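Visitor: Could you show me around this protein, one question at a time?
Guide: Gladly! Let's look at it together.

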Amino acid sequence: MLRVIRRYSSLASLAFIRSSRATSSGFWGKSRRSQRLGLGCCVPPGPGAGSAPAHSPNYLSAPRNRPEGKVLETVGVFEAPKQHGKYETGQLFLHSVFGYRGIVLFPWQARLYDRDVASPVAEKSENAAGHGSKEVKGKTHTYYQVLIDARDCPHISQRSQTEAVTFLANHDDSRALYAIPGLDYVSHEDILPYSSTDQVPIQHELFERFLMYDQTKVPPFVARDTLCAWQEKNHPWLELSDVHRETTENIRVTVIPFYMGMREAQNSHVYWWRYCIRLENLDSEVVQLRERHWRIFSLSGTLETVRGRGVVGREPVLSKEQPAFQYSSHVSLQASSGHMWGTFRFERPDGSHFDVRIPPFSLESNKDEKTPPSGLHW
């Protein structure tokens, strides 16, 4: 097991201490990334990373807000990550990429289309938009709907949006959206599980609405009826079904599309989707995203080109210390389906540029939708 100490500081930073036992079992230690951001991110230690003494205890600890900034309090104990099976509702975890504390609400079974592991003999084909693509077979993979601890949101805001779930509003304005803060979708390998004796270990306004403490259960946080009802009622707009991944020049792009529903506007139907994108730098070279280039094909026969600077108003830098950036955006079509693909243009320190492929992904509507999403109305 691994002990994690959360130090008292103005940033309320997480610091990871790696024991000899933890090193041998594959746990990770504190990196320069956590030092820079003030939030502990579990990444493989780089060259020269030292181990804590063998007697380092294996607990997760965090600070109370005290001015001297030195006192520690125990938060929990790391558990061995699951190599098989899935985590249950109520599992506490640290995010292995973004470092925040969270809790699992429920799992999804997704089809992961990983173009990096496509068959070498796969033929290229032309799709409806006329661009070549690999034949990639989807592989079932587990993702989770999770709550993010509100105390950690300020420390990850430069690397990941904390409003990962949005809905169409329940009124006539077809462009009106509302967001649920502090929800995320997390891959199975992103989870570093831990346990806690705290009955309210995660600070989020939905925690006590969705979960309750039951010391007879493992994990001891179980779903309330409100969580089950919310999941069932909003299933068409929450469900994660397809995940697309591709790597170009050591920059991995992961895309997850979500259908949001249909609205009528000017005597026509408008279909909305949200898509979540994670950019990861798998190399040590610093790069910066400068431009995006999208191609959006609609079943109605239209092909739209969108170019612009950065993404969501930012031009994120991906470095060894901060290798990942995640954001969400939205797209609408006047047809029930379509697909998107494109490129991100990155800049190297020497001023040279290179294009990173965005894997093509489908925009599919739910044929059986009956009512608009209800959000948090019980």
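Visitor: Let's start with confidence. What pLDDT does the protein average?
Guide: This is a predicted model, and pLDDT is the predictor's confidence in each residue. Of the residues, 69% score at least 70. The protein's average pLDDT is 77.

Visitor: For residues 121-132, how many contacts beyond four places in sequence does the model have?
Guide: Take care with this stretch, where pLDDT stays under 50. Where pLDDT is low, the predicted coordinates should not be read in detail. With that caution, the number of such contacts in the model for residues 121-132 is 20.

Visitor: Is serine 160 buried or exposed?
Guide: Serine 160 sits in the loop between helix 3 and strand 10. Leaving out residues up to four places away in sequence, serine 160 touches Phe98 and Gln326. Its relative accessible area is 1%, and the cut-off for the covered class is under 20%. Serine 160 is therefore buried.

Visitor: How many residues apart in sequence are the parts tied together by glutamate 280 and arginine 252?
Guide: These two form a salt bridge, with their closest N and O atoms 3.4 Å apart. Glutamate 280 is buried, at 10% relative accessible area, whereas arginine 252 is partly exposed at 22%. Glutamate 280 belongs to strand 18 and arginine 252 to strand 17, so the pair ties together parts whose separation in residues is 28.

Visitor: Glutamate 280 also forms a salt bridge with arginine 278. How far apart are the closest N and O atoms there?
Guide: Both glutamate 280 and arginine 278 are buried. In their salt bridge, the separation of the closest N and O atoms is 4.0 Å.

Visitor: Which residues are joined into one network with Arg309 by salt bridges that share partners?
Guide: Arginine 309 forms a salt bridge with glutamate 291. Arginine 309 lies in strand 20 and glutamate 291 in strand 19, so this pair ties together parts that are 18 residues apart in sequence. Through shared partners, the network joins Arg309 with Arg290, Glu291, Glu315 and Glu347.

Visitor: Which loop holds glutamate 249?
Guide: Glutamate 249 has a phi near 50°, a positive value in a residue other than glycine. Asparagine 250 also has a positive phi, near 70°, and its place is in the loop between strand 16 and strand 17. Glutamate 249 is likewise found in the loop between strand 16 and strand 17.

Visitor: What kind of peptide bond joins valine 218 and proline 219?
Guide: Proline 219 lies in the loop between strand 14 and strand 15. The omega angle of the bond joining valine 218 and proline 219 is about -5°, and the bond is cis.

Terms used: Residues are numbered from 1 along each chain as its sequence is written. This is a predicted model: local features need pLDDT of at least 70, side-chain atom pairs count only at pLDDT 80 or more; totals for chains, interfaces and linings use all residues. Side-chain values use heavy atoms; hydrogens and water are left out. Helices (H or I, at least four residues) and strands (E, at least two) are DSSP runs, numbered from the N terminus. Buried means under 20% relative accessible area, exposed over 50%, partly exposed in between (1.4 Å probe, protein chains only). Contact means heavy atoms within 4.5 Å. pLDDT is the predictor's confidence in each residue, from 0 to 100. A salt bridge is a side-chain nitrogen of Lys or Arg within 4 Å of a carboxyl oxygen of Asp or Glu.
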